[in-house]
Amino acid sequence: GRGIHRDIIDYCIQTKRLYESRNYHNAVFVGFDRHGTPKYVMLRGTTSRRYMGEANGSDKHYSFSIPSSGECKKLHLFESAIDLLSYCTLELLSGRDWIQENHLSLAGIYKPKQNIEESTPPAALMQFLKDHQCIEKISLHLDNDTAGRMAAKVIQSNLASTYTTYYEPPKRGKDYNDYLKIVL
């Protein structure tokens with residue numbers, strides 16, 4: 001019901017990034033370290049009853065991502081795995097090769113400190129940049145709300161000396177899944 005293209009779901013299943021839990025039929029999003037070892041698991045309900053959670057022992061440094069198929073200098077950053085997959089669907093529907101660029105989910109909204117100068121970028125983002133040192137540009141596809149705008153501002157402020165960053169919220173709707181559903 002989210003509008004995510006079957007090819008993208010199939011890719012995630014084949015690469016063991018996504019599966020359905022046996023007991024509750026939750027969507028399970030897996031994050032890996034650079035050696036391909038699972039380090040993070042996010043559970044998301046698939047019924048009308050809202051459910052989200054993380055598996056015990058999950059390491060937020062390695063949240064759900066889809067790295068590029070080759071070396072790429074660009075990273076697309078999202079608040080959730082659903083928004084990441086929605087963006088990839090929009091790219092696919094536009095005829096672009098969505099797997100040619102890096103995609104990372106923060107596994108939830110990043111809440112910076114009140115004073116921007118005291119805030120640090122999200123752990124998952126910093127780990128991904130450490131593991132993919134060729135990245136030069138970061139597109140912040142965070143939600144089009146107060147929290148998303150504040151997080152984008154803090155990330156841009158903290159990374160301005162090293163990376164070119166762009167805040168690219170959805171053109172319509174609160175997040176990229178809303179936008180995908182509007183477009184469809």
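Contact here means heavy atoms within 4.5 Å. The model is predicted.

Helix H4 covers residues 146-159. At 1.5 Å a residue, its 14 residues should span 20 Å, and the end C-alpha atoms are 20 Å apart, which agrees. The buried residues of H4 are Gly148, Ala151, Ala152, Val154, Ile155 and Leu159. Seen down the helix axis, these buried residues fall within an arc of 165°, so they line one face of H4. The face turned away from the buried side carries two exposed residues, Thr146 and Lys153.

An open sheet is formed by 4 strands. Their order is S1-S2-S3-S4, with antiparallel pairing. Strand S1 (18-20) and strand S4 (52-54) stand at the edges. Each has a single partner strand, so one side of each is left without a neighbour in the sheet. Neighbouring strands of this sheet are turned by 25° against each other on average, direction ignored. Strand S2 (residues 27-32) and strand S3 (residues 38-44) run antiparallel and are joined by 6 bridges. Phe29 has Met42 in S3 as its bridge partner.

Helix H2 spans residues 81-93 and includes Ser86. Ser86 has a relative accessible area of 0% and is therefore buried, the cut-off being under 20%. Leaving aside residues up to four places away in sequence, Ser86 touches Ile4, Tyr176, Asn177 and Leu180.

Note on methods. Residues numbered from 1 in each chain as written. Predicted model: local features only at pLDDT ≥ 70, side-chain atom pairs only at ≥ 80, totals over all residues. Heavy atoms only, no water. Expected span 1.5 Å × (residues − 1). Buried < 20%, exposed > 50% of the residue type's maximum accessible area, 1.4 Å probe, protein only. Arc of directions from axis to C-beta. Pairing = 2+ DSSP bridges. Axes fitted to C-alpha atoms, helices over the stretch in contact; angles between N-to-C directions.
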